[in-house]
Amino acid sequence: MSQLIFENISIGYEGKAVAENISFSVGQGDYLCILGANGSGKSTLIKTILRLQEPLKGSFESCDGFNFGEIGYLPQQMEMQRDFPASVQEIIMSGFLNRSRFLPFYKRSEKQKAEQIMNTLEIFELRKSLYRNLSGGQKQRVLLARAMCAAVGMILLDEPASGLDSRASSEMYESISRINRDGTTVIMVTHDHAVAMKYASHILCVGKKVGFYTKEEYCGRVVKNNIFDKGENDNA
Amino acid sequence: MHELINKFCVYLSYPFVRYAFVVGILVALCSSLLGVTLVLKRFSFIGDGLSHVAFGAVSVATVLGISDNMFLVLPVTIICAVLLLKCGNNAKVKGDAAIAMVSVGALGVGYLIMNIFSSSSNLNGDVCTTLFGSASIMTLTADKVRLCIILSVIVVGFFFVFYHKLFSITFDENFAKATGINVNAYNLMLAVVIAVIVVLAMNLVGSLLVSALIVFPALSSMSIFRSFKSVTVFSVIISVTCTSIGIIIAILASTPVGPTIVAIDLAGYLICRVAGVIVRR
Ligand SMILES: Nc1ncnc2c1ncn2[C@@H]1O[C@H](COP(=O)(O)OP(=O)(O)O)[C@@H](O)[C@H]1O
Ligand SMILES: [Mg+2]
């Protein structure tokens with residue numbers, strides 16, 4: 001059962017393609033890692049999936065189980081005004097707003113879930129703090145917590161480990177893996193091949209060489225062609 | 001002091017003074033409730049532009065001899081709010097330039113129309129009243145007060161029902177959009193509400209000073225408090241307080257109401273800035 005099917009879709013800005021002929025599909029409970037050099041269009045692809053922008057060519061279907069009210073999203077960068085007054089808790093709770101409903105307050109179960117997520121990400125003590133005064137890594141974890149509150153069916157993460165130290169990032173990958181085992185589909189952009197190898201069920205390469213593989217296929221190719229080295233050369 | 005209080009009590013026995021207080025407090029409440037969102041969303045400029053549009057509409061209503069000008073001013077302002085919002089979203093026409101164009105255009109044409117067609121013997125007085133609200137709050141009719149109450153209830157209701165969603169689309173519009181919140185619909189509603197607030201606030205302080213009611217309480221509060229909720233709550237408190245003080249001073253000292261309120265708001269802002277610096281230490 002596929003949640004998302006891309007067939008020969010080109011993405012980009014103002015008529016200029018950054019990546020072409022992207023094909024892949026994502027099923028319920030999959031863990032898709034998107035790999036590619038800087039500027040190869042990974043973030044653009046994520047935004048296209050979320051319909052923040054239109055594909056340049058082709059159109060894609062989001063089918064069974066892809067429900068906008070159940071998606072969590074961690075942007076790579078968030079432009080925020082310098083002086084925005086918002087506490088950590090207010091930001092994290094706002095993740096729940098996507099279920100369409102008109103209650104002017106949060107439910108008890110939602111508060112409990114948020115608390116649990118904050119505890120796993122070790123930001124519970126920060127909940128009353130002003131967001132703009134946090135360190136980069138703390139901000140990243142707050143936004144991840146918001147995404148996790150929003151995610152029921154699917155979570156999209158754009159370089160979630162940026163700004164985190166190695167212990168925090170390995171714990172974060174563990175918590176992502178946990179919600180994946182609970183049935184949430186994960187689509188994640190990462191630069192870390194080891195992480196992709198450890199957790200992903202599918203791998204999508206964007207850039208000059210576009211390809212969509214299951215992890216087993218991808219491992220086979222790595223051994224055969226030494227894609228790693230080629231990948232490094234593409235970067236340069 | 002005793003004398004002043006007595007004088008004030010005598011004034012309070014006049015219905016028009018009580019009307020002024022009711023309208024003043026409602027306007028202060030509505031404008032500050034949404035002021036934080038408007039300032040943070042960079043929509044406060046739209047408020048300023050709209051107040052000039054409302055001035056133009058009042059001029060036209062005056063010339064046409066429409067006695068209850070709200071029924072012309074409110075729809076015109078709402079339509080302009082929606083148009084300005086659409087311009088702001090359209091990257092090709094710069095949003096702020098469009099707003100400047102509309103606001104200055106409305107101001108100029110409004111005055112021109114009044115000047116050419118008005119039969120009033122006291123033209124400058126009329127214009128001044130519309131721009132600075134000098135005495136208009138003292139001439140409120142019971143009907144206008146009733147309309148004011150209804151509109152305020154709508155604005156406050158809108159705010160309470162959509163408080164969290166307003167936070168979300170203000171803090172991170174892309175996240176809200178990506179996770180399935182209909183951001184465009186909320187922005188549209190927000191534009192309509194801005195228009196309502198501008199028209200309401202114009203009764204109190206006149207069209208040139210409307211932005212002060214939207215901007216000052218929000219900025220004052222933001223210099224002390226640190227969460228969205230506390231900023232919003234405190235900006236309401238400070239706005240209602242400053243407006244009440246302003247009206248009382250205006251009555252006792254016979255100063256124009258609008259400018260007095262704005263002066264008090266400014267003083268409140270300066271005090272909050274100082275308090276903010278001390279708190280941060
Ligand atoms: N808003 C934008 N408008 C035009 N071009 C953009 C925009 N954002 C990114 N680009 C360009 O698109 C390309 C892909 O960007 P991006 O998807 O962010 O890459 P990455 O794979 O590193 O996430 C880059 O060359 C970048 O310059
Ligand atoms: Mg990127």
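Me: In which element of chain A is Lys113(A) found?

Reply: This is a predicted model: local features need pLDDT of at least 70, side-chain atom pairs count only at pLDDT 80 or more, and totals for chains, interfaces and linings use all residues. Residues are numbered from 1 along each chain as its sequence is written, chains are lettered from A and ligands numbered from 1 in the order in which they are written, and side-chain values use heavy atoms, with hydrogens and water left out. Helices are DSSP runs of H or I of at least four residues, strands are runs of E of at least two, and both are numbered from the N terminus. In chain A, Lys113(A) is found in helix H3.

Me: Which residues is Lys113(A) in contact with, leaving aside its neighbours within four places in sequence?

Reply: Contact means heavy atoms within 4.5 Å. Met93(A) is 20 residues from Lys113(A) in sequence, with 9.6 Å between their C-alpha atoms. Beyond four places in sequence, the contacts of Lys113(A) are Phe96(A), Met148(A), Cys149(A) and Ala151(A).

Me: Is Glu110(A) buried or exposed?

Reply: Glu110(A) lies in helix H3, residues 108-120 of chain A. Its relative accessibility is 6%, so Glu110(A) counts as buried.

Me: How many Å separate the backbone nitrogen of Lys107(A) from a polar atom of the side chain of Glu110(A)?

Reply: A polar contact is a pair of N or O atoms within 3.5 Å; within protein, one must be able to donate a hydrogen and the other to accept it, and residues adjacent in sequence count only if both atoms are side-chain atoms. For the backbone nitrogen of Lys107(A) and the side chain of Glu110(A), the separation is 2.9 Å.

Me: Which residues is His164(B) in contact with, leaving aside its neighbours within four places in sequence?

Reply: His164(B) sits in helix H7 of chain B, residues 142-171. At 14% relative accessibility, His164(B) counts as buried. Its partners beyond four places in sequence carry the chain letter A: Leu97(A), Pro104(A), Phe105(A) and Tyr106(A).

Me: How far from Ser211(B) is Gly49(B), C-alpha to C-alpha?

Reply: Gly49(B) belongs to helix H3 of chain B, residues 44-64, and at 2% relative accessibility counts as buried. Its contacts beyond four places in sequence are Ile99(B) and Ser103(B). Ser211(B) is 162 residues away along the chain, yet the C-alpha separation is 9.2 Å.

Me: What is phi of Glu14(A)?

Reply: Most residues other than glycine have a negative phi. Glu14(A) is in the loop between strand S1 (2-13) and strand S2 (16-27) of chain A. At 82% relative accessibility, Glu14(A) counts as exposed. Its phi is positive although it is not a glycine, about 45°.

Me: What value is phi of Ser254(B) near?

Reply: Ser254(B) lies in the loop between helix H11 (228-253) and helix H12 (257-280) of chain B. At 62% relative accessibility, Ser254(B) counts as exposed. Its phi is positive in a residue other than glycine, near 55°.

Me: What is the radius of gyration of chain A?

Reply: Chain A has 8 helices and 9 strands. The radius of gyration is taken over C-alpha atoms, and the globule rule is 2.2 Å times the number of residues to the power 0.38. For 236 residues the rule gives 18 Å, so chain A is as compact as a globular protein of that length, with a radius of gyration of 18 Å.

Me: What share of the residues of chain B count as buried?

Reply: Chain B has 12 helices and 0 strands. Among its contacts with a separation of 6 or more, 74% come from residues 24 or more positions apart. Of its 281 residues, the buried share is 52%.

Me: What share of the accessible surface of chain A belongs to carbon and sulfur atoms?

Reply: Accessible areas come from the Shrake-Rupley method with a 1.4 Å probe; for residues, only the protein chains shown count as cover. Chain B exposes about 12300 Å², and carbon and sulfur atoms supply 71% of it. For chain A the accessible surface is about 11200 Å², and the carbon and sulfur share is 47%.

Technical notes
Buried means under 20% relative accessible area, exposed over 50%, partly exposed in between (1.4 Å probe, protein chains only).
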